[in-house]
Amino acid sequence: MARRHRLIKVGPGRVWDVLADGRRYAEWVVGTASSEPVRGRWPEVGAAIGYEVRLGPLRFANETVVRRCVEGSVLELEAHAGGLGTARIALEVHPWGENTLVTVDEHPLRGAAGALHNAGAEAVIQLRHRTMLARLARLCEAEAEPRTPAEAGSGPARSSGGTQTRV
């Protein structure tokens with residue numbers, strides 16, 4: 001089971017605001033090119049977002065479903081990855097002084113990913129989590145920084161991290 005944490009230098013409410021916006025999923029989840037709500041009200045239990053993964057000219061559409069939500073502190077997701085199966089991804093948000101400690105815990109649930117899961121796969125997931133939590137931190141911390149009046153009128157600050165797209 002791949003588990004990783006990161007201290008984000010903003011309060012838990014700001015972190016939760018990003019996690020609770022299904023349209024922003026692609027901004028911090030590694031490998032996701034775009035995302036949009038497809039069912040229910042994210043992050044209520046049963047709500048889903050559709051997302052796209054792009055590998056060169058190939059495009060794969062999948063969805064992530066909320067399986068458990070404790071508003072402001074816990075978001076448990078089931079990410080569907082086509083023929084690879086599904087994975088459980090749990091995010092926990094804890095106040096840590098003036099900051100927030102975010103923990104992500106992921107493991108395969110169904111399909112080939114579960115059957116092929118090994119120490120090598122764990123290492124790849126750990127790298128993915130490191131990058132994912134760094135993106136989440138950058139996104140939350142950048143939005144917490146004071147902006148000039150011109151920047152304030154242009155919407156939230158965005159990361160320019162590769163294949164990220166806001167839908």
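1. In this predicted model, a search of the whole structure turns up 13 salt bridges. One of them pairs Arg24 with Glu143, with 2.3 Å between the closest N and O atoms. Arg24 sits in the loop between helix H1 (12-19) and helix H2 (25-28), while Glu143 belongs to helix H4 (residues 119-144), so this pair ties together parts 119 residues apart in sequence. Arg24 has a relative accessibility of 6% and counts as buried.

2. Glu78 forms a salt bridge with Arg67, where the closest N and O atoms are 2.8 Å apart. The two residues are 11 apart in the chain, with Glu78 in strand E5 (residues 74-80) and Arg67 in strand E4 (residues 58-70). Glu78 is buried because its relative accessibility, 4%, is under the 20% cut-off. Arg67 is partly exposed, at 45%.

3. Glu78 also forms a salt bridge with Arg110, and here the closest N and O atoms are 2.2 Å apart. This pair links strand E5 to strand E7 (residues 99-110), across 32 residues. Arg110 counts as partly exposed, with 48% relative accessibility.

4. As for the fold, the protein chain contains five helices and seven strands. Their order from the N terminus is β-α-α-β-β-β-β-β-β-α-α-α. Of the contacts with a separation of 6 or more, 49% are between residues 24 or more positions apart.

5. Of the 167 residues, 38% are buried. The chain exposes about 8800 Å², and carbon and sulfur atoms supply 55% of that area.

Notes. Residues are numbered from 1 along each chain as its sequence is written. This is a predicted model: local features need pLDDT of at least 70, side-chain atom pairs count only at pLDDT 80 or more; totals for chains, interfaces and linings use all residues. Side-chain values use heavy atoms; hydrogens and water are left out. Helices (H or I, at least four residues) and strands (E, at least two) are DSSP runs, numbered from the N terminus. Buried means under 20% relative accessible area, exposed over 50%, partly exposed in between (1.4 Å probe, protein chains only). Contact means heavy atoms within 4.5 Å. Accessible areas come from the Shrake-Rupley method with a 1.4 Å probe; for residues, only the protein chains shown count as cover. A salt bridge is a side-chain nitrogen of Lys or Arg within 4 Å of a carboxyl oxygen of Asp or Glu.
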